[in-house]
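Thank you all for coming; I would like to walk you through one structure this morning, slowly and in a few parts. Please look at the sequence and the model together as I go along.

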Amino acid sequence: NPHKLQMEGKTSLELANCRAKGGSSGFKVAILGASGGIGQPLSMLMKMNPLVSVLHLYDVANTRGVTSDISHMDTSAVVRGFLGPQQLENALTGMDLVIIPAGVPRKPGMTRDDLFNINAGIVKTLCEGIAKCCPRAIVNIISNPVNSTVPIAAEVFKKAGTYDPKRLLGVTMLDVVRANTFVAEVLGLDPREVDVPVVGGHAGITILPLLSQIKPPCSFTSEEAAYLTSRIQNGGTEVVEAKAGAGSATLSMAYAAVKFADACLRGLRGDADVIKCAFVPSVVTELPFFASKVRLGGNGIEEIYTLGPMNEFERSGLEMAKKELAGSIEKGVSFATK
Ligand code: NAD
Ligand code: LMR
């Protein structure tokens, strides 16, 4: 019985895990959707993160194999697997950070919003579990459409009386990762030296790179700005089309998710000046959620930065982004409150 092996600590693996638990410090992290295209490399990379002491891998399929495999890595995090809804509560209890990449990905021809009907319900159920078992955890939402799933999570937490807007973050890090890569390519720089703020949301024209605010400062012709903006906005679709029916970005997403989760953990630890872009509850615009730079700290989001000076091209992009975002946010809210 796989559940017995996973859950009751009867195997030598589990006994080893029990002993390891006593001596370690660090954060407890759960990944919901851990067996998926993102979930597996994300689980592997989180097992390599020295800030993680306990790693809970939850999915509705295949967690036994993924957990067994990853648990053999000689890093300090203790790995435990959880399979199916009856084990969700154990997966979540005591967690400091919960990362959610559960749900279906796009196929060519689909928008992220086409995933709403399936993924909205998945995110809702998982967030109900979080509200019940680890209401103080930082929550990183990857499941699409992020522009709607984050508002759904907020409504679930409000209903449960556990809502803390500082602890809910939609992961838009992949947009920044792509922007850094594409901009570095155009400028002939090392991408590690480039930092592009990307604001708005995580779908098409709601993805708004602020090329005028790149560090180090650089300038573009209007053709370059148009090319880069369009490539960043359509980066997800570029991968969906290349994968031709086999899913969407998984490896670059796992990389981006770990970059973001690591920032959240460094914030929790008390590191200074941990600043990343994320889609968060916000008053930066008139919309209730918006992606922008946030400073991460011991309570989650400690500060949300204003958008800063934008050029004409960016200002008109912002107006278009806000229009689409308003509808996506409203769709999520009404799903969760109906
Ligand atoms: P996938 O199909 O490979 O994996 C999804 C996993 O979720 C599967 O293992 C599945 O069993 C699991 N799952 C399904 N229902 C579940 C439930 N109720 N509880 C727990 N787990 C459940 O998909 P993927 O490629 O890993 O993508 C996952 C999601 O991430 C998609 O919605 C995709 O659009 C999104 N995504 C977001 C970003 C971003 O930048 N935010 C980037 C890439 C993908
Ligand atoms: C991405 O940006 O790669 C993800 O949102 C997945 C997708 O559907 O494009």
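This is a predicted model: local features need pLDDT of at least 70, side-chain atom pairs count only at pLDDT 80 or more; totals for chains, interfaces and linings use all residues.

Helices α8 and α9 cross in a right-handed way, where a crossing is called right-handed if the near helix is turned clockwise from the far one by less than a right angle, and left-handed if anticlockwise. Helix α8 covers residues 173-187 and helix α9 covers residues 222-233, and the two pack at an angle of about 145° with their axes 9 Å apart. The contact is made by Asp175, Arg178, Ala179, Phe182, Val183 and Val186 on the α8 side, and by Glu224, Leu228, Arg231 and Ile232 on the α9 side. Sorted by class, that contact has 6 nonpolar, no polar and 4 charged residues.

Residues are numbered from 1 along each chain as its sequence is written, and chains are lettered from A and ligands numbered from 1 in the order in which they are written.

A few terms, before I go on. Helices (H or I, at least four residues) and strands (E, at least two) are DSSP runs, numbered from the N terminus. Axes are lines fitted to C-alpha atoms, for helices over the stretch in contact, and angles run from 0 to 180 degrees between N-to-C directions. Two residues are in contact if their C-beta atoms, placed from the backbone, lie within 7 Å. As for the classes, Ala, Val, Leu, Ile, Met, Phe, Trp, Tyr, Cys and Pro count as nonpolar, Asp, Glu, Lys and Arg as charged, and the others, Gly among them, as polar.

Now to another pair of helices. Helices α6 and α7 pack at an angle of about 35°, with their axes 9 Å apart, and their crossing is right-handed. On the α6 side the residues involved include Phe116, Asn119, Ala120 and Val123, while those of α7 include Ser148, Thr149, Ile152 and Ala153. By class, this contact has 10 nonpolar, 3 polar and 2 charged residues.

How enclosed is α7 by the rest of the structure? Of its 15 residues, 11 are buried, so α7 is largely enclosed; buried here means that 20 or more other C-beta atoms lie within 10 Å of a residue's own, exposed means 12 or fewer, and partly exposed lies in between, with C-beta atoms placed from the backbone. Among the buried residues are Val146, Pro151 and Phe157, and what covers the buried residues of α7 includes α6, the strands β5, β6, β9 and β10, and helix α12. Just after α7, Gly161 takes a positive phi of about 75°.

Let me turn to the loops. In the loop between β5 and α7 lies Pro145, and the peptide bond from Asn144 to Pro145 is cis, with omega near -5°. The bond from Lys215 to Pro216 is also cis, with omega near -5°, and Pro216 lies in the loop between β8 and α9.

Asn62, in the loop between β2 and α4, has a phi near 65°, a positive value in a residue other than glycine, and Asn62 is partly exposed, with 16 other C-beta atoms within 10 Å. Asp273, in the loop between α11 and β9, has a positive phi near 55° and counts as exposed, with 9 C-beta neighbours inside 10 Å.

Finally, the ligands. A residue counts as near a molecule if its C-beta atom, placed from the backbone, lies within 6 Å of it. Around ligand 1 there are 32 residues, the closest being Gly36, Gly37, Ile38, Ala102 and Asn144, and the largest share of this shell, 3 residues, comes from helix α6. Around ligand 2 there are 13 residues, of which Arg106, Asn144, Gly236, Ser248 and Ala249 come nearest, and helix α10 gives the most to that shell, with 5 residues. By class, the shell around ligand 1 has 17 nonpolar, 13 polar and 2 charged residues, and the shell around ligand 2 has 5 nonpolar, 6 polar and 2 charged residues.
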